[in-house]
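This report describes the arrangement of strands, the nonpolar core and the ligand surroundings of one model. The sequence and structure are shown first.

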Amino acid sequence: MPILSFEDVSKDYLTDGQPVHALKGLSLNVKRGEFVALVGRSGCGKSTLLNLAGAMDFPTTGKVLLDGVSTSSLKDNGLTQLRRERVGFIFQSFQLLHTLTVFENVELPLLLAGKHNPREAARERLAWVELEGLGDRHPHQLSGGQMQRVAVARALIHSPSLLLADEPTGNLDTTTGNVILELLRRLTREQNTATIVATHSLEAASLANTLVRLRDGKIEEITRR
Ligand SMILES: Nc1ncnc2c1ncn2[C@@H]1O[C@H](COP(=O)(O)OP(=O)(O)OP(=O)(O)O)[C@@H](O)[C@H]1O
Ligand SMILES: [Mg+2]
């Protein structure tokens, strides 16, 4: 069974009374272990697709199924739990808390979920992203690439089935960005998650198992390899 299914999904936004058709009848299946690059011009619907995939927002028509469950059918508690435990998010701006240490940033989702003694899990995730030994630093003592690695470690703390990254290399130089993309691809395979990366990077497109090209809210092309 796919981790994520879009079944004829459309998404309209209303701005000043005018509808914007951000996604138009889009269908897509993503499996565990699959690394998907989502590309297309600014405004084609990449972030909208990621927000629907992570149940941060809901389709206007059609269905988004996460592990076979329609996101639109979930109530508050179920949604919070799903977003927190089944999905990991990575952002262009890293979104680390600067008053917390690296360890504390990575542990935060576990603490919010009421788990005690999260240090071992955090230590393991930091090893996955090759940041052993930096747990006691604060974010301002890290490079941009290292900050994004911390964000990746945090996104993986619950061992989510789905990892969503919205332009994760947008604030990094090309070389550092490519290292992050390769890291995401490796972890997708090793941790058997499904990963979708919205990106303008050519490297991401070349690393991906599946390349999804959006145009004006529709899938223009899917290439699998
Ligand atoms: N909250 C919103 N309210 C109204 N319109 C929105 C909203 N979010 C996105 N849109 C519109 O939906 C369309 C798709 O936007 P989206 O952010 O998904 O594009 P994108 O592919 O992520 O672009 P970029 O590469 O610039 O990040 C655009 O026309 C955008 O203006
Ligand atoms: Mg976007």
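In β9, A37 has L211 as its bridge partner. This is a predicted model, in which local features need pLDDT of at least 70, side-chain atom pairs count only at pLDDT 80 or more, and totals for chains, interfaces and linings use all residues. Residues are numbered from 1 along each chain as its sequence is written, and chains are lettered from A and ligands numbered from 1 in the order in which they are written.

Strands β3 and β9 (residues 210-215) run parallel and are joined by four bridges; two strands pair if DSSP finds at least two bridges between them. Strands (E, at least two residues) and helices (H or I, at least four) are DSSP runs, numbered from the N terminus. With β8 (residues 194-198), β3 also pairs in the parallel sense over four bridges, and there the bridge partner of A37 is V197.

Five of the five residues of β3 (residues 35-39) are buried, so the strand is largely enclosed by the rest of the structure. F35, A37 and V39 point one way, while V36 and L38 point the other way. Here, a residue is buried if 20 or more other C-beta atoms, placed from the backbone, lie within 10 Å of its own.

## The open sheet

Six strands form an open sheet of mixed pairing, in the order β6-β7-β8-β3-β9-β10. Its edge strands, β6 (87-91) and β10 (218-224), each pair on one side only. Strands β6 and β7 (residues 162-166) run parallel and are joined by five bridges; F89 has L164 as its bridge partner in β7.

## The nonpolar core

The largest nonpolar core has 61 residues, of which V36, L38, A53, L162, L164 and V197 touch the most other members. Helix α5 (residues 144-155) gives the most to this core, with six residues. Such a core is a set of buried Ala, Val, Leu, Ile, Met, Phe, Trp, Tyr and Cys residues joined through C-beta atoms within 7 Å.

## Surroundings of ligand 1

Ligand 1 is surrounded by Y13, T15, V20, A22, S42, G43, C44, G45, K46, S47 and T48, where a residue counts as near if its C-beta atom, placed from the backbone, lies within 6 Å. At least two residues of this shell come from each of β1 (4-15), β2 (18-30) and α1 (46-53). The largest share, three residues, comes from α1.

Methods
A residue is buried if 20 or more other C-beta atoms lie within 10 Å of its own, exposed if 12 or fewer, and partly exposed in between; C-beta atoms are placed from the backbone.
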